[in-house]
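Me: Got a model to look through. Can you take my quick questions?
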Amino acid sequence: MIAVNLLAVCALDGILGDPRWLPHPIRLMGAFVNWCEPVVRSRFVSGTGRRIGGSILALFVAGTSFWVAWGVLEVAFFMHPWFGHLLWILLGYTTLAAKDLAAHAWVVYSRLQAGSVNEARDAVAFMVGRDTGRLTESEIARATIESVAESTSDGVIAPFFYLVIGGPPLALAYKAVNTLDSMIGHREAPYADIGWASAKLDDLMNVIPARLSARLLVLSSCFHHTAIANVWRIYRRDCAKHASPNSGHPEAAMAGALGVRLGGSSIYQGIRVDRPQIGDPANAPQARHIPMAIELMWLSFGMAIVLGLAFITLWNGI
């Protein structure tokens, strides 16, 4: 029955996208973090103290997300098995973001195709944290492709991975950690200490999904008639160049699959940040690469679904 639930979750996300009509757990997590973080900051004032407070916050939010989801599902299954399975599907559905990721990227692409660079800058601002007001067309394409690559891992493959091995409770715990990292897991002040544990826990939980995502992206490149050996070579050469221990894996795989250069200079809150270049240094990303990146995301997700169903089938057969 879990295999059927997984298929239903993926179908709902693929057809409907983000369930804004539901009381979304991720938004509740974000509101909870916004409420807790100032409290922790006021109670822990030293650098070491704030690391301790941030660690407590990260474990509490992730643990609460897991146990609340587990408890709700236990009650639902006790009331009626069908009600339990329905709630399993709905909770799992809130953790995936493939349809919305593709939709955001398509908006950027359509704006670029229409020659509306300013509108494309506004659209890509919904996907990335960098300053977008002065991006060129190529830089907009790069930002979009990098976002699709990274989100293929932490917005699609990772939550699906945790759904497969631990159901909605573990997937929601992952999303809680991912939300914490995006909100407070920054190296810059004022989050450097209080967000340290959130960033480290997010790194830990993404170790396997990031590498799995990269390999799926490499495999997906064969559908573009790309030399898979060359994609693998670029991936292995460049995956460790990124400052993040995980983000470089899907980005390097995507760069290799598209044959483009990712990384380089970006502006964050007026500050220039230089990253190592990933991929083919001669080929800057163009708008035409965005649909290809979206297709690679969907192909990777499809392969992940097949692998997940195979794992569930074999596990239940043992």
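Me: What should I know about the model itself?
Reply: This is a predicted model, where local features need pLDDT of at least 70, side-chain atom pairs count only at pLDDT 80 or more, and totals for chains, interfaces and linings use all residues. Residues are numbered from 1 along each chain as its sequence is written, and side-chain values use heavy atoms, leaving out hydrogens and water.

Me: How many aromatic pairs are there?
Reply: The structure has 11. Rings of Phe, Tyr and Trp (its six-membered ring) pair if their centres lie within 6.5 Å; planes under 30 degrees apart are stacked, over 60 edge-to-face, the rest tilted.

Me: Why is the pair F32 and F60 called tilted?
Reply: Because their planes sit at 35°. Their ring centres are 5.9 Å apart.

Me: Which helices hold F32 and F60?
Reply: F32 is in helix 2 (residues 25–43) and F60 in helix 3 (residues 47–79). Helices are DSSP runs of H or I, at least four residues, numbered from the N terminus. F32 and F60 also form one aromatic cluster with W35.

Me: Is C239 buried or exposed?
Reply: C239 is buried, at 7% relative accessible area. C222 is partly exposed, at 39%.

Conventions
Buried < 20%, exposed > 50% of the residue type's maximum accessible area, 1.4 Å probe, protein only. Helix = DSSP H or I, 4+ residues; strand = E, 2+ residues; numbered from the N terminus.
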